[in-house]
Amino acid sequence: MRLSQSFPRSLALSCLAIVILAGAALAEKFEPRVGQPGKDVVWVPSPQALVDRMLDMAKLAPGEYHMDLGSGDGRTVITAAKRGAIAVGVEYNPNMVALARENAKQAGVGDRATFIEGDLFKADISKANVITLFLLPDINLRLRPKLLDLRPGTRIVSNSFDMGDWTPDQTIQAGGECTSWCRAHLWIVPAKVGGTWKLPDGGELTLEQKYQTITGSLRMGSSNMNISNGKVIADQVTFTAGTMQYTGRVSGNTIEGIAQTSTSWRATR
Ligand SMILES: C[S@@+](CC[C@H](N)C(=O)[O-])C[C@H]1O[C@@H](n2cnc3c(N)ncnc32)[C@H](O)[C@@H]1O
């Protein structure tokens, strides 16, 4: 009786042990394959030399919040965490997530590099200071409206692929050991400045905005001047009207700055 009771229990325990060991062996065996299918994009790793340059061009600072959308084996997130960032990867493939977590642990940044298993289109990206991408042109375009709504000054860096007619603020080519997928583009989310702004003396600044480029006119007294060389980089606005160059900082519904002659100017909307 005793034997018949203990035997099934020990058999069950042995089976459980086999299942656990087999599971562990399978988990260990996962080897990512370049070109393996992903939900929307296959996996191809960014060369480490480019990852370093991408984070350099984003000027990622310690304590900033970095996200890699489609984080693969976690290399960009791990590099960002090593630089002192709070780094988060979003990856659809659970095996890649497990691999990235293990890689982060091995690299000693398991506590600062986090990986979310899920769809990058559903991720909350609102806290990001820097977002890195290695996706595809049409995926970048689908993400673009969400990226443009991020806080002004958020930096987006994409390995190889562009953002359609939102031209990059900077493009670099990694040299050295980098042999393929060696180009990256940077965009800095511009403040939204389009519209009509009032000047204290009754003048009016009218701005039309296309991404980081602004056109429009400045009316002061009886003169109405077209503006040229208009740019918005993060919250900094610059343009020329007549012979005067204006620079200013946008904060909500106010722009404050200086004109070329060092006189201060102000506009509200
Ligand atoms: C070209 S790889 C880039 C990997 C990594 N960012 C790098 O630069 O090394 C694209 C990654 O996105 C993942 N992916 C594809 N579609 C996705 C989606 N909708 N949500 C989350 N991850 C996705 C793939 O599994 C793959 O790991």
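1. How many nonpolar, polar and charged residues does the shell around the ligand have? In this predicted model, sorting that shell by class gives eight nonpolar residues, together with six polar and six charged ones.

2. Turning to position, the ligand sits in the largest pocket, and of the 20 residues around the ligand, those that come nearest are Asp40, Ser46, Asp68, Gly70 and Glu91.

3. On the side-chain part of the protein, an N or O atom of aspartate 40 is 2.6 Å from a ligand nitrogen. From the backbone, an N or O atom of leucine 120 lies 2.9 Å from a nitrogen atom of the ligand, while for tyrosine 92 a backbone N or O atom is found 3.2 Å from a ligand nitrogen. As for cover, the ligand on its own has 600 Å² of accessible area, and the protein covers 99% of that area.

4. A further point concerns the aromatic rings, for which the count of pairs comes to eight. One of these pairs joins phenylalanine 239 and tyrosine 246, whose rings are stacked, with 5.0 Å from centre to centre and 15° between the planes; both phenylalanine 239 and tyrosine 246 are buried.

5. Tyrosine 246 also pairs with tryptophan 265, and here the arrangement is edge-to-face, with the centres 5.4 Å apart and an angle of 80° between the planes. Tyrosine 246 therefore takes part in a stacked pair, where the planes are under 30 degrees apart, and in an edge-to-face pair, where they are over 60 degrees apart.

Conventions
Residues are numbered from 1 along each chain as its sequence is written. This is a predicted model: local features need pLDDT of at least 70, side-chain atom pairs count only at pLDDT 80 or more; totals for chains, interfaces and linings use all residues. Side-chain values use heavy atoms; hydrogens and water are left out. A residue is near a molecule or strand if one of its heavy atoms lies within 4 Å of it. A polar contact is a pair of N or O atoms within 3.5 Å; within protein, one must be able to donate a hydrogen and the other to accept it, and residues adjacent in sequence count only if both atoms are side-chain atoms. Accessible areas come from the Shrake-Rupley method with a 1.4 Å probe; for residues, only the protein chains shown count as cover. On a 1 Å grid over the protein atoms alone, a cavity is a set of points where a 1.4 Å probe fits but cannot get out, and a pocket is an open set with protein on both sides within 12 Å along at least five of seven lines; lining residues have an atom within 4 Å of a point. A molecule sits in a cavity or pocket if more than half of its atoms lie within 2 Å of its grid points. Ala, Val, Leu, Ile, Met, Phe, Trp, Tyr, Cys and Pro count as nonpolar, Asp, Glu, Lys and Arg as charged, and the others, Gly among them, as polar. Rings of Phe, Tyr and Trp (its six-membered ring) pair if their centres lie within 6.5 Å; planes under 30 degrees apart count as stacked, over 60 as edge-to-face and the rest as tilted. Buried means under 20% relative accessible area, exposed over 50%, partly exposed in between (1.4 Å probe, protein chains only).
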